[in-house]
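Please open the model in your viewer and keep the selection panel at hand. The tour goes from stop to stop, saying at each one what to select and what is there.

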Amino acid sequence: LQSRDPITINVNPYMGFPNDPRPEYNDQLIRASNVLISSLRFLRSLRSNLLEPEVYHLNPAKSDNETFRRIVSIVPNRFAWYAAFLFKAFPLDVSQYQSLFNGTRIPKHGQDELFNDPTAKHMLVIRNGHFYIFDVLDSNGHIKDPAYIHGCLHHILTDRREKVENPLAALTSLDRDSWATLRQHLVSIGNADALRFIDSAVFAMVLLDEVMNEDPIKMSHVMLHGDGTNYWFDKCMELIIAKDRVGMNFEHS
């Protein structure tokens with residue numbers, strides 16, 4: 001957090017996801033809807049402590065089976081690690097999974113801060129430099145109707161407004177002290193609430209018009225940085241949905 005270099009490329013990596021083997025599911029709107037809802041299901045499972053632990057199996061034939069899972073499940077939690085060790089299986093630390101959601105890195109002079117608000121229930125979508133916010137969880141934390149989520153994304157993808165001439169998101173690609181100064185100015189002129197909506201969103205989704213055409217170099221450029229105008233690089237997780245590929249860019253702190 002003390003590094004003053006831009007986090008674009010220097011901190012934020014990306015991951016590219018394979019296309020769905022069913023061509024009709026690779027339509028941008030359908031893929032965006034499915035990926036968003038699947039991510040929310042993961043979030044719900046995480047917060048309900050229903051996710052199966054991530055385990056590194058040194059000898060999968062010995063431990064990656066139902067016998068191992070059954071034995072470990074009946075061992076008291078504080079001894080479960082030792083039971084797994086006897087099978088040469090090593091549970092991995094997933095405590096940072098919670099930080100994937102509702103979080104962002106706030107630029108500050110000298111050292112940035114990490115912000116998280118698990119009470120927020122809205123989604124941030126960025127397209128052509130425009131910001132869109134809509135709730136994806138209801139008051140009880142349940143996922144909104146998939147048809148509603150699909151409809152919101154359809155509205156965004158059919159918005160005919162041109163690209164923003166001076167995109168605010170580009171500021172997140174600056175060195176951290178410069179961005180901290182500009183962010184303080186934005187707050188001072190009345191944008192604190194708007195920035196709070198961005199910072200607290202469950203995560204961000206970036207909708208792009210680019211087509212990769214199976215070009216790995218172009219995909220790397222688009223998923224890692226693009227032109228910098230349509231990404232909020234401070235967000236802990238950004239799902240990137242292009243016309244024909246899907247990826248994720250994430251803040252690595």
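Begin by selecting N213, which at 61% relative accessibility counts as exposed (buried means under 20% relative accessible area, exposed over 50%, partly exposed in between, with a 1.4 Å probe and protein chains only). N213 is found in the loop between β8 (204–207) and α7 (216–224), where helices (H or I, at least four residues) and strands (E, at least two) are DSSP runs numbered from the N terminus. Its phi is near 55 degrees, a positive value in a residue other than glycine. Most residues other than glycine have a negative phi.

Before moving on, note that this is a predicted model, in which local features need pLDDT of at least 70 and side-chain atom pairs count only at pLDDT 80 or more, while totals for chains, interfaces and linings use all residues. Residues are numbered from 1 along each chain as its sequence is written, and side-chain values use heavy atoms, with hydrogens and water left out.

**Domains**

Next, colour the protein by its two parts, domain 1 (14–48 + 102–250) and domain 2 (55–91), whose bounds come from an automatic or database domain assignment. The centres of domain 1 and domain 2, taken over C-alpha atoms, are separated by 37 Å.

Now select K88, in the loop between α4 and β3. K88 also has a positive phi, of about 60 degrees, although it is not a glycine, and with a relative accessible area of 37% it is partly exposed. Show the side chains here, and K88 is seen to lie over the face of F85, at 5.0 Å from the ring centre (a charge sits over a ring if NZ of Lys or CZ of Arg is within 6 Å of the ring centre and within 35 degrees of the ring normal). For another case of this kind, go to K144, which lies over the face of Y148 at 5.4 Å from the ring centre.

How many aromatic pairs are there? The count comes to 12 aromatic pairs, where rings of Phe, Tyr and Trp (its six-membered ring) pair if their centres lie within 6.5 Å, and planes under 30 degrees apart count as stacked, over 60 as edge-to-face and the rest as tilted. Select F68 and F87, whose ring centres are 5.3 Å apart and whose planes stand at 70 degrees, so the pair is edge-to-face. Because F68 lies in helix α3 and F87 in the loop between α4 and β3 (89–91), the pair ties together parts that are 19 residues apart in sequence. Both F68 and F87 are buried.

F85 counts as partly exposed at 36% relative accessibility, and F90 counts as partly exposed at 24%. Elsewhere, F42, Y97, F101 and F203 can be selected together, as they form one aromatic cluster.

**Pockets and a cavity**

Of the 27 residues that line the largest pocket, the closest to its centre are L51, E52, P53, E54 and V55. On a 1 Å grid over the protein atoms alone, a pocket is an open set of points with protein on both sides within 12 Å along at least five of seven lines, a cavity is a set of points where a 1.4 Å probe fits but cannot get out, and lining residues have an atom within 4 Å of a point. Grid points are joined across faces, edges and corners, and a volume is the space filled by probe spheres set on the points. The lining of the largest pocket draws at least three residues from each of domain 1 and domain 2, and α1 (28–47), β2 (55–57), α3 (66–74) and α4 (77–86) each supply at least two of its residues.

Move on to the second largest pocket, of about 400 Å³. Of its 16 lining residues, the closest to the centre are Q96, S99, L100, E251 and S253, while the largest share of the lining, three residues, comes from strand β5 (residues 113–116).

Finally, find the largest cavity, in which about 30 Å³ of space lies, by selecting its lining, N19, N26, Q28, R31, I241, A242, K243, D244, R245 and V246.
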